[in-house]
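Please walk through this fold with me, from its elements to its sheet, its cores and its rings.

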Amino acid sequence: MKKYINQEINDLVVNESRSIKFSLKKIQKNGFGTVFIIDNKKKLLGIMTDGDIRKAIIKGGMLGDGIRNYYNNKVKYLPYNSNNQTIQNLLSNRIKIIPLVNEKKIIVDFATADRIKKIPISESFIFGKEYTNVKKCLDTNWLSSKGPFV
C-alpha cells in the first residue's frame, strides 16, 4: 500500500488486510485510541478503536487475526471542505476524531476538538519513484539544475 505523504494520516490509517496486532500498534503510536480502516485505493471503509479490539479479544479473537470481521464500517466522516461549525457539531464525548475525506472518500485530513483541520493551501500527493527521488534529494541536501533528478 502506498503511504500518505502526511505522517499524521499515515499513523491513523490501517489497510483492511492487516492484523489486530498491527492496528493496536498504530493506535498506541498515534495516541488517539483509533485507526481508520482503508482499502488498497485508500478509500475509507471504517474505524477501529481500542474498545473494538478489546471486544474482539473477549469474543475469542487473537492478535494475529485480520481486522475485517472486527472493525466498525459505520464510521462518521465529513468532506474536507466542511466548515468549522459542522465539524464541531459532529465532535462529542463519543466521537473524538473525524476523518475528513475528498470526493473519492480518501482521507485528506482529520479533526479533533483540539485540531479542527489542517488543510494546506496546496498539498502534494507524491508516491512511488517520485517520493523516493524527492526523499533522496532532501536527505542528501541535493540542489542543482544538473544531475540525476533534473
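How many helices and strands does the chain have? There are five helices and six strands. Here helices (H or I, at least four residues) and strands (E, at least two) are DSSP runs, numbered from the N terminus. Their order from the N terminus is α-β-α-β-β-α-β-α-β-β-α.

The model is predicted: local features need pLDDT of at least 70, side-chain atom pairs count only at pLDDT 80 or more, and totals for chains, interfaces and linings use all residues. Residues are numbered from 1 along each chain as its sequence is written, and side-chain values use heavy atoms, with hydrogens and water left out.

Start with the sheet. Three strands form an open sheet in the order E1-E2-E3, and the pairing is mixed. Strands pair if DSSP finds at least two bridges between them. Strand E1 (13-15) and E3 are the edge strands, each pairing on one side only. From one strand to the next, the twist averages 35°. Helix H2 packs on this sheet and touches E1, E2 and E3. Contact means heavy atoms within 4.5 Å. The direction of H2 makes about 130° with that of E2. Axes are lines fitted to C-alpha atoms, for helices over the stretch in contact, and angles run from 0 to 180 degrees between N-to-C directions.

Now take the hairpin of E2 and E3. The two strands run antiparallel, joined by five bridges, with E3 spanning residues 44-49. Val-35 stands opposite Met-48 in E3. Five residues lie between the strands, and Lys-42 takes a positive phi near 75°.

What about the interior? Buried residues (under 20% relative accessible area; exposed is over 50%, partly exposed in between; 1.4 Å probe, protein chains only) make up 39% of the 150 residues in the chain. A nonpolar core is a set of buried Ala, Val, Leu, Ile, Met, Phe, Trp, Tyr and Cys residues joined through side-chain atoms within 4.5 Å. The largest such core has 12 residues, including Ile-9, Leu-12, Phe-36, Ile-97 and Phe-110. E2, E3, strand E5 (97-101) and E6 each give two or more residues to this core. Another core, of 10 residues, lies apart from it; among its members are Val-35, Ile-37, Ala-56 and Tyr-71.

Leaving out residues up to four places away in sequence, Ile-97 touches Leu-12, Phe-32, Thr-34, Phe-36, Leu-91, Phe-110, Ala-111 and Thr-112.

Finally, the rings. The whole structure holds one aromatic pair. Rings of Phe, Tyr and Trp (its six-membered ring) pair if their centres lie within 6.5 Å; planes under 30 degrees apart count as stacked, over 60 as edge-to-face and the rest as tilted. The partners are 78 residues apart: Phe-32 is in the loop between H2 (20-30) and E2 (34-38), and Phe-110 is in E6 (residues 107-112). Phe-32 is partly exposed, at 36% relative accessible area. Phe-110 is buried, at 1%.

Phe-110 also has a charge over its ring: the charged end of Arg-115 sits 3.9 Å from the ring centre. Likewise, the charged end of Arg-18 sits over the ring of Phe-22, 3.6 Å from its centre. The criterion is NZ of Lys or CZ of Arg within 6 Å of the ring centre and within 35 degrees of the ring normal.
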